[in-house]
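Biologist: I would like us to take a careful look at one kind of contact between charged side chains, and I would be glad if you explained each term as you go.

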Amino acid sequence: MSALDSLAGGIGRLLDAGRAVVRHGLRLDTNPVPESWSHVTKVDPEERKKIPVAFPRYLRHTDAVSVGGSADVTDENTERTFALLGPLSTPAFHEPSGASHVTRETLSSATFLAVPQVLNGDDEAFVGTFGAGVEYVREEMAPTQIGRLSWIPGVGDRLVTTLTDLLISNAVVEAYIVQNPDSAAARESGVTEADVLDAAAAKRRAMAAEYVLGAEVLYVEYSGTYGGTEGIAALEAIDDGVDWTRVWYGGGIDSRKKATAMLDAGADAVVVGDAFHRIATEEAELAAAYLDDIDRADGGRVGATEWLSNAHDVSETAAAGYLSTIPSVTDPVEEAHRCLAAGLRAHRAIASESRGSAQEGKLRVGSDTVDAVERAVCADVDDPTSLATWLVAAVVADRETTLPSWKFIDPADRS
């Protein structure tokens with residue numbers, strides 16, 4: 001070993017020691033994942049996971065949006081989902097289930113890249129998945145970003161290797177403990193009934209994630225089912241074992257009571273996905289009934305707020321359920337009423353819009369309709385007119401479907 005190599009090794013060990021002192025001795029918070037996040041909404045790019053037209057009204061209450069899913073996710077629908085979320089003030093980060101889902105567009109759109117690593121799955125889910133990601137970054141993404149310089153002998157390899165290291169080191173490690181063996185996440189990661197961890201084992205895996213992997217997030221995942229007393233026990237044990245790593249819980253959170261139970265047990269944040277996506281179906285069904293009542297009234301003035309109050313118990317809606325999982329929403333029923341009414345007003349405005357003649361492959365929509373949708377659902381977003389135009393054009397284009405697939409319209413098709 002040369003003197004220079006020996007010096008470099010000493011500097012590296014010194015930096016590692018300094019990091020440990022800062023994290024655990026001085027207890028300075030160097031974790032790039034904000035400690036203030038207590039609620040994360042997971043938006044799945046796959047086509048069957050619709051989102052409500054009034055999504056900006058709902059997502060302004062959550063602390064962050066996680067983009068990713070376990071099935072039918074592609075680089076294309078991931079990019080489109082980020083484009084949809086782009087105007088919102090709520091930060092969105094990328095949690096890819098495949099290395100190829102990470103593109104230049106997603107990297108530039110995401111607040112950060114969260115690399116999922118399953119701690120209790122098979123070797124392929126841990127080492128193999130991570131290795132495939134490194135291979136993709138080194139052999140495809142890094143050379144593309146460096147361009148022609150990557151082919152210069154003696155220089156290109158070093159640049160590619162350096163950029164690969166930088167890209168990976170800037171990613172957030174999201175260590176998973178998957179506790180539902182019947183879930184898609186378990187099937188993807190090889191988790192069986194025998195791999196489900198008790199509280200003591202979960203604590204040990206969490207400590208390894210913090211002290212060995214340097215994981216910024218430890219995610220206890222029950223994936224669609226509620227962890228109950230077992231989940232609470234696991235979180236209490238994990239909370240006793242980790243300090244710097246953020247602890248998140250996901251699975252079956254659809255009420256204030258369940259969210260509060262997991263936060264009180266030690267979770268820094270709860271992650272909600274299905275409860276949010278269910279609002280899309282509910283909004284579409286309510287809009288159909290509302291528009292039908294308007295038609296029967298011969299065009300008479302039927303306000304969305306009044307109709308909703310008379311026709312439905314808002315406290316029993318998916319919208320109220322989702323909003324109740326967000327600690328900062330003090331009156332989830334009242335806020336659900338406002339959000340649902342806004343969605344109905346947007347649907348009513350869009351229903352009167354006819355598909356205009358195509359010009360250069362783009363749909364033309366009326367300015368009055370755009371203004372109505374903007375007022376209803378695009379408050380507190382950057383460039384609300386552009387987002388409203390996009391929503392109107394997309395819903396009109398797919399009006400014949402039961403649930404509009406407007407989520408996947410190409411951003412280039414905004415008129």
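Which residue forms a salt bridge with Glu76, and how many Å apart are the closest N and O atoms?

Modeller: This is a predicted model, in which local features need pLDDT of at least 70 and side-chain atom pairs count only at pLDDT 80 or more, while totals for chains, interfaces and linings use all residues. Residues are numbered from 1 along each chain as its sequence is written, and side-chain values use heavy atoms, with hydrogens and water left out. The partner of Glu76 is Arg80, and their closest N and O atoms are 2.7 Å apart; a salt bridge here is a side-chain nitrogen of Lys or Arg within 4 Å of a carboxyl oxygen of Asp or Glu. Both Glu76 and Arg80 belong to helix α3 (residues 75-85), where they sit 4 residues apart, about one turn of the helix; helices are DSSP runs of H or I with at least four residues, numbered from the N terminus. Glu76 has a relative accessible area of 43%, so it counts as partly exposed, which lies between buried (under 20%) and exposed (over 50%), using a 1.4 Å probe and protein chains only.

The structure holds 10 salt bridges, and another of them joins the side chains of Glu335 and Arg338, at 2.7 Å from N to O. Glu335 is buried at 6% relative accessible area, whereas Arg338 is partly exposed at 39%. Glu335 and Arg338 also take part in a network of salt bridges that links them with Arg60, Glu334 and Asp380.

Definitions and conventions
Helix = DSSP H or I, 4+ residues; strand = E, 2+ residues; numbered from the N terminus.
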